[in-house]
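Let's walk through this structure one piece at a time. Keep the 3D view open while you read.

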Amino acid sequence: MKNKYFIYISFLIGCFIVLPLSSFAQTVATALPAAAAIAPVPFISAGNTAWMIVATALVMLMTIPGLALFYGGLVRNKNILNVLMQCFILLAVISLEWVVFGYSNAFGSSSGFLAPYIGGFDWAFLKGIRVTDVSPYYISQATERIPHIVFVMFQCMFAVITPALIIGAFAERMKFRGFLIFSLLWAILVYNPIAHWVWSADGWLNKLGALDFAGGTVVHINAGIAALVTAIMLGKRKLPKGQHITPPHNIPFVVIGAALLWFGWFGFNAGSGLAADGLAANAFLVTHIAAAAAALSWVLLDWFSNRKPTVVGISTGAVAGLVAITPAAGFVDVSGAIIIGLLVSVMCFFMVSVVKRKLGYDDSLDAFGVHGIGGIWGAIATGLFATPMIQSAYSGAFYGNPKQLGIQLIAILVTLIYSGVLTALIFKIVEKTLGIRATDEEEILGLDLTQHDEIAYNEAD
Amino acid sequence: MKKIEAIVRKSRFEEVREALHAADIDFLSWWEVKGQGTAKQGLIFRGIAYDVNSVARIFISFVVRDINFEKSINAILKSAYTGESGDGRIFVTQIEQSIRIRTGDKGDESLYDLK
């Protein structure tokens, strides 16, 4: 074990020494269009709209089949259908919740003291949003915008994937109906408010200046802490004495899932600029490079600490890198992306291989270890590496604005507390009313058979 | 007649089959089996090395005439051997009767044509 710690520490030190030495020549995004003196009337840009429709579809791909296969391959063969079903039904249920009132709660406005905390119901059933309306939200393109409807759809996919990420923590031991009600309540009471705080025009964290380009706080820290809370409250899976690990039943699925997540993440991050421009191009670049750096550093850690590079390792590392770059994608340059990527694997690896085992909670598929820890690091890193070279209005501690780091820490802390407490509350309510933990027999026979009357792999020919 | 059952390493199975063929044993059945013993298979998951609680082996079963018994055993002993822990076992049972379904032949005649 001593040897293991030594490897982590030397790796960390190595990253800090080597990277700043090679001061990267940055060529990306040298000139963003200067703000026009008189604000022209915004209109729907065909180019931006085309990209954003594609980006939205890419984000959908992340939940099914991306995340579904990533998680599905990691569970045992008696539980894969349950995981696939959970991802699939969230796409259906949360999408409906989103148009009924979720979007209005998250991105709409309300009056009075509630305005910074939750949107109202003005846009319930998307009332009043016409096909010709331009999106009220934009990042770098104030004039050439996208249709409001496309923004609704794009954000819908984010609302879907966030509760889906939590599945990794409670996989293999949750009743299906309990899961469904828990996830729906969680989307309404946790996701929508936090999305409002960070992303809506009235949101209090937004006004405070918290930077979250594509959802490090709203999506990953939020889902990560909810994952930790549910894993602890649900208790450990029933495993034979002395066994802590269940071997993944289909690692090729894990690889396909991770690859689709990587691919879909280009829509997630490069779409979060809400336009097809240089900022999107930079997000595209740093997303890719951070994922590559994290995949490589995880494999190197594997190699040094266990003597073999593993396939689950490279897949997990890539996902960790994507998580970490998410909040930073619109603010950092490629050197920032490399450091963020290299370091996130060190932290997540340490979390899932050492800390989790020490603390003894059963986060089945490391939803907290990867999304929670990766998200926290990403949010902090945004406060460190944000450079005015990308968006001139935003810089981090390493570019003369240490205040940003403080704001990031507030956003992280608030999210951890609010999401953690509300998750525990929702969990208790569902546990007391519907029941949430599968019975021992259901767990041993497998959730595929007991929750769905189906099995994934039929032996009969 | 005797039934010979053997549990051998997956990695030696092809050699065992060839050795038995060389000893004129052309008829045999086998299964892939999981079991537990002193040998452990180490695996890694996200930085944690662990042992799976089962090892994979091949289970072979066939029935021979008494005259072929010794050479069958020797063939397996030679071909399945690596010297490491986990090479497996051979079990021998006396067989009371054997009947070939197509012809109704009984005893030694039912097993296979004499060379």
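## Chain B

Chain B has 3 helices and 6 strands. Here helices (H or I, at least four residues) and strands (E, at least two) are DSSP runs, numbered from the N terminus. Starting at the N terminus, the order of elements in chain B is β-α-β-β-β-β-α-β-α. Its radius of gyration is 17 Å, well over the 13 Å that the globule rule gives for 115 residues, so chain B is more spread out than a compact globule. That radius is taken over C-alpha atoms, and the globule rule is 2.2 Å times the number of residues to the power 0.38. The C-alpha trace of chain B spans about 60 × 25 × 20 Å along its principal axes.

A quick word on where this comes from: this is a predicted model, where local features need pLDDT of at least 70, side-chain atom pairs count only at pLDDT 80 or more, and totals for chains, interfaces and linings use all residues. Residues are numbered from 1 along each chain as its sequence is written, while chains are lettered from A and ligands numbered from 1 in the order in which they are written.

How much of chain B is buried? Buried residues make up 19% of its 115 residues. A residue is buried if 20 or more other C-beta atoms lie within 10 Å of its own, exposed if 12 or fewer, and partly exposed in between, with C-beta atoms placed from the backbone.

## Chain A

Over in chain A, you'll find 15 helices and 2 strands. The radius of gyration of chain A is 21 Å, close to the 23 Å that the globule rule gives for 461 residues, so chain A is as compact as a globular protein of that length. Its C-alpha atoms fill a box of roughly 70 × 55 × 45 Å, taken along the principal axes. In chain A, 55% of the 461 residues are buried.

## Where the chains meet

Next, the interface: 18 residues of chain A are in contact with 10 residues of chain B. Two residues are in contact if their C-beta atoms, placed from the backbone, lie within 7 Å. On the chain B side, β3 (41–45) and β4 (48–52) each supply at least two residues, and β4(B) gives the most, with 4 residues. That side of chain B divides into 7 nonpolar, 2 polar and 1 charged. For these classes, Ala, Val, Leu, Ile, Met, Phe, Trp, Tyr, Cys and Pro count as nonpolar, Asp, Glu, Lys and Arg as charged, and the others, Gly among them, as polar.

## Two helices side by side

Back in chain A, the axes of helix α5 (residues 176–199) and helix α13 (residues 403–433) come within 10 Å and cross at roughly 155°. Axes are lines fitted to C-alpha atoms, for helices over the stretch in contact, and angles run from 0 to 180 degrees between N-to-C directions. α5(A) and α13(A) are therefore roughly antiparallel to each other; angles under 35 degrees count as roughly parallel, over 145 as roughly antiparallel, 65 to 115 as roughly perpendicular and the rest as oblique.

Among the residues that meet are A:Phe182 and A:Trp186 in α5(A), and A:Tyr418 and A:Leu422 in α13(A). By class, the contact has 14 nonpolar, 4 polar and no charged residues.

## A spot in a loop

Finally, find A:Ser395, in the loop between α12 (367–385) and α13 of chain A. Is A:Ser395 buried or exposed? A:Ser395 counts as buried, because it has 22 C-beta neighbours inside 10 Å. Leaving aside neighbours within four places in sequence, its contacts include A:Ala386, A:Pro388 and A:Gln404.
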